[in-house]
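Subject: Structure for you to look at

Dear colleague,

I am handing over a structure that I would like you to read alongside this message. Please keep the view open while you go through the notes below.

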Amino acid sequence: MWKTVLRRLLIMIPQLIILSLLVFLLAKMMPGDPFSGSINPNTDPKQIDALRRAAGLYDPWYVQYGRWVGNLLHGDLGTSYIQHVPVSSLIADRAVNTFWLSLLTTILTYSIAIPLGITAGRHQDQWQDTSVRIFNYITLAIPGFVFYILGLWLFGFTLGWFPISGSVSANASGFWGILGSRLYHMILPAILYALITTTFTVQYLRTGIIDNKVEDYVRTARSKGVPENVVFHKHILRNSLLPIAAFLGNTITGLLSGSMIIETVFSYPGMGKLFIDSIGQRDYTTLTALILIFGILTLIGNLLSDIIMSIIDPRIRIQ
Amino acid sequence: MEKQSDLLLDIQHLHTAYRLQGKFYDAADDVNLTLKRDEILAIVGESGCGKSTIASSVIGLYDHKNTKVTGDILYNELNLVGLNESLFNKIRGEKIGMIFQDPLASLNPLMRVGDQVAETLYYHTNMDEKARHAKVIELFNQVGMPKPNEMYEMYPHELSGGLRQRVVIAMAIACDPEVIIADEPTTALDVTIQAQILDLLEDIQKKSHSGIILITHDLGVVAETADEVAVMYAGQIVEKADVKTIFKHPLHPYTRSLLNSMPQSDDEDEDLHVIHGTVPSLKNMPRQGDRFAARIPWIPASAHEENPQIHEVEPGHFVRCTCWKTFHFENDENVKKQEVEAVSGE
């Protein structure tokens with residue numbers, strides 16, 4: 001078990017190096033630099049040139065890369081071109097918001113998807129299954145932003161049940177007040193986001209149950225006189241959850257990095273919104289840092305998935 | 001007369017029909033079979049003859065929506081046909097054990113093999129966890145597994161095919177069932193392992209005095225292990241007798257063709273007999289006349305009964321239809337023709 005984890009961690013090292021190189025080189029290829037924005041007709045080009053030299057922009061790329069990585073290792077992600085604050089603090093504030101939104105979304109996703117998938121799989125081709133499949137096709141077919149805007153319009157504007165933007169109301173006070181207000185702001189985006197995310201989980205679970213139902217080992221369990229509901233939970237369901245577990249790690253980190261649209265629609269101050277804003281404002285340092293973080297999250301997601309799989313599927317463990 | 005208690009299973013007029021596009025088709029058509037204590041009954045036939053259908057009907061494991069079972073399957077005077085599920089669950093695993101064809105597929109990949117055997121004990125005995133563990137170790141010893149304590153903790157993928165099948169057998173015999181159904185137990189195994197598994201089955205049967213239904217298409221297996229043989233073709237039993245009679249004095253054309261398609265000698269040049277055509281599919285199965293007639297077209301229609309019945313041609317030897325009386329192999333006819341031509345040519 002621990003050997004598997006260690007081996008996976010070792011594999012991550014070259015992946016991280018390649019990722020950082022890619023991010024760095026792509027950022028270098030983008031037009032402009034920190035001083036482009038400060039240039040106006042009255043600026044002395046020599047002065048800009050001196051600033052660039054001082055910032056090390058004329059050094060060879062590998063020297064710059066080395067400096068960048070060195071800074072990264074010290075937790076220094078650079079300074080935002082636009083907001084003139086350290087990127088690390090900018091991201092830290094937003095990351096907390098995104099984390100909670102993702103956590104709530106993950107919980108909601110699985111608490112919606114697993115019962116739906118089980119219902120559809122158990123009652124294959126009956127009305128329950130048909131309803132779940134229709135729901136699935138709808139959530140798969142509607143683009144996220146259309147779905148979010150419709151939800152925002154209906155439950156936020158028209159019915160007024162939920163706040164339409166932000167992460168906490170300005171007049172909330174006290175620990176419970178703020179916590180309540182935060183939750184209240186997260187519920188609608190989390191539900192909408194979860195509904196869209198359920199599709200694949202429902203589909204995998206449904207197919208898994210239908211496939212496993214006719215497996216030989218299920219017949220063996222029945223031939224032992226195991227009651228049908230136990231056959232289902234102990235034998236069929238456990239094996240059907242494998243593909244979902246395989247995606248669990250990626251789903252969690254995917255939600256963290258994939259919440260750009262929902263955060264933008266709900267003006268929710270998270271990493272996704274920061275990413276979209278940074279693109280709009282050409283805030284390259286922030287963008288580079290975010291892309292690097294999203295990349296690392298993907299790697300961690302894969303790692304998590306592998307660890308989860310090796311816990312529940314004995315065939316994957318490495319001797 | 002047999003003593004009543006010696007008769008374990010009495011299958012009478014069993015019809016098992018599967019639904020195909022809304023219509024039911026008999027895959028087992030009026031099957032009559034008995035299984036006695038201390039007996040290995042082999043059911044032989046090509047794929048699609050209805051052998052496994054009988055097995056799944058006996059143990060009640062079929063898709064209840066798309067399968068219709070009628071007739072009687074009496075187990076100690078208890079009719080298993082239409083028995084409710086919770087009662088049936090008491091019989092399955094406890095009174096009737098089942099061994100399947102593919103030992104890897106028949107084990108849950110996520111469970112330790114020991115736990116899978118213990119699961120049978122959990123539902124049929126009052127043993128606590130410790131006692132169950134001890135019993136599993138004992139069973140593993142009984143089925144000849146080395147290092148049973150270590151084996152308990154293994155997962156199916158960590159075991160060889162032969163060991164997996166031993167686990168499946170341990171599972172089937174965990175509660176000393178009176179009836180064991182072995183559905184192609186050696187088909188998926190290496191030839192060397194096959195013999196070991198068959199020996200094990202015989203050994204278990206001798207010790208427990210159970211009755212075994214052995215489903216197979218391998219006549220070598222039948223010759224080696226069976227006491228009684230039922231030959232099935234297209235859902236019907238076409239011949240039934242004890243194993244010696246079947247091999248020494250087969251009557252039905254299908255039985256004879258099957259035996260003839262087995263390699264008989266060390267002669268490398270020997271041409272194996274091939275039975276023409278294939279078993280008709282369930283939908284296209286002829287419901288009238290001799291079902292095997294289409295595969296022996298050189299036999300005139302008049303040789304077959306219009307509605308072939310099972311006849312007891314000698315005590316304990318049952319044959320369907322009367323065509324066996326005039327049956328001969330096609331090659332024989334060619335040989336005869338050649339002889340005739342040779343004679344007339346001279």
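Two strands are said to pair if DSSP finds at least two bridges between them, and helices (H or I, at least four residues) and strands (E, at least two) are themselves DSSP runs, numbered from the N terminus. Please note that this is a predicted model, in which local features need pLDDT of at least 70 and side-chain atom pairs count only at pLDDT 80 or more, while totals for chains, interfaces and linings use all residues. Residues are numbered from 1 along each chain as its sequence is written, and chains are lettered from A and ligands numbered from 1 in the order in which they are written.

Let me begin with the strands of chain B. Strand β1 (residues 7-20) of chain B pairs with strand β4 (residues 67-75) of chain B through eight bridges, the two running antiparallel, and in this pairing B:A17 stands opposite B:K68 of β4(B). Strand β1(B) also pairs in the antiparallel sense, over 10 bridges, with strand β2 (residues 23-36) of chain B, where B:I11 faces B:L33. The hairpin of β1(B) and β2(B) has two residues between the strands, and B:Q21 takes a positive phi near 45° there.

Chain B also holds an open sheet of eight strands with mixed pairing, in the order β6-β7-β8-β3-β9-β10-β12-β11. Its edge strands, each pairing on one side only, are β6 (96-99) and β11 (310-314) of chain B, and the twist averages 20° from one strand to the next. Within this order, strand β3 (residues 40-44) and strand β8 (residues 211-216) of chain B pair in the parallel sense over five bridges, with B:I43 opposite B:I215.

Turning to chain A, the domain assignment (automatic or from a database) gives domain 1 (2-73) and domain 2 (90-312), and their centres, taken over C-alpha atoms, are separated by 34 Å. Counting two residues as in contact if their C-beta atoms, placed from the backbone, lie within 7 Å, 12 residues of domain 1 of chain A are in contact with 11 residues of domain 2 of chain A.

Two packed helices are described by the angle between their axes and the distance between the axes. Axes here are lines fitted to C-alpha atoms, for helices over the stretch in contact, and angles run from 0 to 180 degrees between N-to-C directions. Helix α10 (residues 242-257) and helix α13 (residues 284-312) of chain A pack at about 155°, with their axes 6 Å apart, which means that α10(A) is roughly antiparallel to α13(A); angles under 35 degrees count as roughly parallel, over 145 as roughly antiparallel, 65 to 115 as roughly perpendicular and the rest as oblique. Helix α4 (residues 87-122) of chain A crosses α13(A) at roughly 55°, and their axes come within 10 Å, so α4(A) is oblique to α13(A). That contact is made by A:V87, A:L90 and A:I91 of α4(A) and by A:T285, A:T286, A:A289, A:L290 and A:I293 of α13(A).

Finally, where do the chains meet? In total, 18 residues of chain A are in contact with 24 residues of chain B, and the elements giving two or more residues to the chain A side are α8 (216-223) and α9 (228-240) of chain A. The largest share of that side, six residues, comes from α8(A).

With best wishes
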